[in-house]
Every structure is written in structure tokens, then in C-alpha cells.
Amino acid sequence: MFPRFLRWIFNLLSGFLAHREVEGLDNLPESGPYILALNHLSYFDLPFVFGLIGGENVTGWAAEKYARHPIFGPILRMGSGIFIDRGVVDRSALSAAEDWLSQGKIFGMAPEGTRSKDTQLQRGKTGVAYLSHLTGTPIVPIGLFGTEDTIRCWLRLRRPTFHMRIGEPFTLPPLDPKNRTASLRRDTDEIMCRIAALLPPEYRGVYADHPRLQELL
């Protein structure tokens with residue numbers, strides 16, 4: 001009940017306080033398991049995304065520091081959020097994500113691992129690729145932009161425009177058993193380039209000139 005209530009609240013608030021432009025909703029598979037991989041620009045990303053495609057079958061990782069936050073902590077627990085210690089390899093959080101996907105559900109992750117302070121895509125971490133290989137689940141890329149302007153627009157008594165572009169699901173090729181590290185980096189770049197392809201050029205950051213992005217475009 002709590003995730004559905006949370007989705008209703010987020011959908012109501014983001015629809016009232018912002019304009020929303022969404023493309024590619026038909027790219028979402030009818031059911032899980034799959035991983036949502038998205039860029040992260042603002043604290044408003046979560047309400048925007050969860051309000052549109054959240055629910056009792058959707059969760060993701062949240063930084064452990066928010067577990068004790070008086071506002072974010074309860075909200076994340078209502079959404080079944082899984083807290084992760086980003087400073088180490090958190091086996092407990094990884095196991096919880098694996099178990100969630102094994103139940104045929106949907107897991108959301110930001111490969112960058114944190115918010116971008118300058119709107120530019122940062123070099124992705126290998127967690128999404130690793131979890132996808134571990135569980136054999138496809139990945140759905142999502143590009144977000146516009147949420148970073150929320151406060152500035154509100155201060156000017158304007159409604160910001162939140163953009164969400166959802167790409168086609170894809171699966172990663174098998175890992176090279178002789179060089180897993182290089183394979184995970186290759187797959188992470190593939191994930192990030194697919195996200196970058198959904199974003200305007202000024203948001204593509206370190207992937208702007210990546211050869212794979214040029215192929216996708």
C-alpha cells in the first residue's frame with residue numbers, strides 16, 4: 001500500500017509543480033525483471049520517475065547516509081528503498097537487489113553513483129553491468145533532464161519542465177572470463193552511451209565523443 005500511496009503523492013506533486021514531457025513509455029517491458037539505468041541530476045529525479053513508473057514492484061539503491069535523514073529516510077522506506085554503503089562493496093545491498101530481481105521485479109540505478117553537480121554525465125561505475133550479469137536481466141536506459149532547474153524556476157515563480165526519455169531494453173553480451181574487469185568497463189560504457197543517446201548534447205559529459213555514442217546516434 002505504501003509504494004502506491006507514495007507514487008500517487010509524487011505524481012500529484014510533480015504534475016502540479018512542473019511540466020512533464022515523457023517519451024518512450026511504450027519501451028518499458030510489460031513486466032520485470034529488468035533494471036532501469038538513469039542519469040542523476042537532482043533530488044527531484046526520484047519523485048518524477050517514481051511518480052510515473054513506480055509502484056510496489058519498483059525499488060532501487062539509496063545512499064546509506066539517507067537512512068537516518070528525518071525526511072528522506074521515511075520516504076525511501078515507504079518506497080522499499082535498499083540502503084547501500086557506497087564507500088565499500090556492500091554485499092548485503094547487492095544480495096537484496098539480486099533477490100528483488102529474482103522475484104520478477106524492477107530495480108532502478110544511477111550508474112554514476114551520485115548526482116552530477118554540473119549536469120554532465122560522469123564516468124559510470126560498473127554496478128549496473130555487474131548486477132545485470134549476475135541476474136541475467138535486461139536493462140532499460142532512461143535519460144533525464146530539466147530537473148536540475150527546479151529551484152531556480154520556482155524562485156522565478158515558474159514551473160520547470162521535467163524531461164524523461166526511455167530507450168529500448170537491451171541485454172549485455174557475455175563477460176569475457178579471461179578479463180572480467182575489462183568486460184565490465186566495456187559494458188558500463190555501453191550503458192552510459194545508451195543513456196547519453198537519450199540526452200541533449202550539452203548533457204553528455206565524458207561520453208560526448210565516445211565512438212559507441214556516435215554509432216548509436
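Predicted model: local features only at pLDDT ≥ 70, side-chain atom pairs only at ≥ 80, totals over all residues.
Let me begin with two helices: helix α1, residues 2-17, and helix α2, residues 45-53, pack at an angle of about 115°, and their axes are 7 Å apart. Helices here are DSSP runs of H or I with at least four residues, strands are runs of E with at least two, and both are numbered from the N terminus. The axes are lines fitted to C-alpha atoms, for helices over the stretch in contact, and angles run from 0 to 180 degrees between N-to-C directions.

Residues are numbered from 1 along each chain as its sequence is written, and side-chain values use heavy atoms, with hydrogens and water left out.

Which residues of α1 and α2 meet? From α1 come Pro 3, Leu 6, Arg 7, Phe 10, Asn 11 and Ser 14, and from α2 come Leu 46, Pro 47, Phe 50, Gly 51, Leu 52 and Ile 53, where contact means heavy atoms within 4.5 Å. Of the residues in this contact, eight are nonpolar, three polar and one charged; Ala, Val, Leu, Ile, Met, Phe, Trp, Tyr, Cys and Pro count as nonpolar, Asp, Glu, Lys and Arg as charged, and the others, Gly among them, as polar.

Now to the sheet. Seven strands form an open sheet with mixed pairing, in the order β1-β7-β6-β2-β5-β3-β4, and two strands pair if DSSP finds at least two bridges between them. At the edges are β1 (19-23) and β4 (82-84), each of which pairs on one side only. Strand β1 runs parallel to β7, residues 161-166, and five bridges join the two; Glu 23, for instance, has Arg 165 in β7 as its bridge partner.

Finally, helix α5, residues 127-135, has Val 128, Ala 129, Leu 131 and Ser 132 as its buried residues, buried meaning under 20% relative accessible area with a 1.4 Å probe and protein chains only. These residues lie on the same side of α5, because they cover an arc of only 165° around the axis, the arc being that of the directions from the helix axis to the C-beta atoms. Among the elements covering them are β2 (34-38), α4 (91-102) and α7 (180-196).

Why does Ser 132 count as buried? Its relative accessibility is 4%, and, leaving aside residues up to four places away in sequence, Ser 132 touches Ile 35, Thr 137, Ile 139 and Leu 172. Just after α5, Gly 136 takes a positive phi of about 70°.

Technical notes:
Buried < 20%, exposed > 50% of the residue type's maximum accessible area, 1.4 Å probe, protein only.
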